[in-house]
Amino acid sequence: MGFLKRLKQPDTAPDAPREGGLARDARPMRSALIALNAEREQLDPGRAEIDLRGLASDLLQGEVSPPTADVARLVRDGVDADAFYDKELARSWEGLNENQRAARVEQFAGLALMLEGAGPDAQVPGHDQMLASVRTKTLLLAFAIDETYGLMRQIERDPESLT
């Protein structure tokens, strides 16, 4: 994707993203997803819903530098983008309405915050991997909901529905 090449730092190793939290990661994740979504919109303009599978694929296959330490971890660990979508995102997106999707994001945000606050004695095996997956999933879904149901998208599709 040509537009995205400008977002990468070609000849320098990117700085490793700082360990974050759900709140701290939201802004850099949103910036990366905005760029990825803009490229997807150029390829398929007027799409009713965001291409969540495509965004997850672009994010985990390195179309942009990892915006968060969690994404960097998932990429480093070789998480397959299609498997991530199928296992982590599809059941919270496909066939659901806006309210159901929003409820899933709220559940995942709560889980992420619970995992972030778990002390060493309360951490489950694979805690760091689980936390990276949950935070990444939460932020991807939240962005997709914003883009799919946000007022700007609604105005583009049907401005009269606001009156």
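**A tour of the predicted model**

Start by selecting Arg101 and Trp93: Arg101 lies over the face of Trp93, at 3.6 Å from the ring centre. A charge sits over a ring if NZ of Lys or CZ of Arg is within 6 Å of the ring centre and within 35 degrees of the ring normal. This is a predicted model, in which local features need pLDDT of at least 70, side-chain atom pairs count only at pLDDT 80 or more, and totals for chains, interfaces and linings use all residues. Residues are numbered from 1 along each chain as its sequence is written, and side-chain values use heavy atoms, with hydrogens and water left out.

Next, select Lys137 and Phe108. Here Lys137 lies over the ring face of Phe108, 4.1 Å from the ring centre.

Now colour by pLDDT, the predictor's confidence in each residue, from 0 to 100. The protein averages 86, and 87% of the residues score at least 70. Go to helix α5 (residues 81-89), where confidence is highest, at a mean of 97, and then to helix α1 (residues 2-5), where confidence is lowest, at 43. Helices are DSSP runs (H or I, at least four residues), numbered from the N terminus. Select residues 1-18: pLDDT stays under 50 there, and the model has 28 contacts beyond four places in sequence for this stretch. Contact means heavy atoms within 4.5 Å.

Last, select Asn37, Arg40, Glu41, Asp44, Arg47, Ile50 and Asp51, which line the largest cavity. Which classes do the residues of this lining divide into? They are 1 nonpolar, 1 polar and 5 charged.

Notes:
Helix = DSSP H or I, 4+ residues; strand = E, 2+ residues; numbered from the N terminus. 1 Å grid on protein atoms, 1.4 Å probe; cavity = no way out; pocket = protein on both sides within 12 Å on 5 of 7 lines; lining within 4 Å. Nonpolar A, V, L, I, M, F, W, Y, C, P; charged D, E, K, R; others polar.
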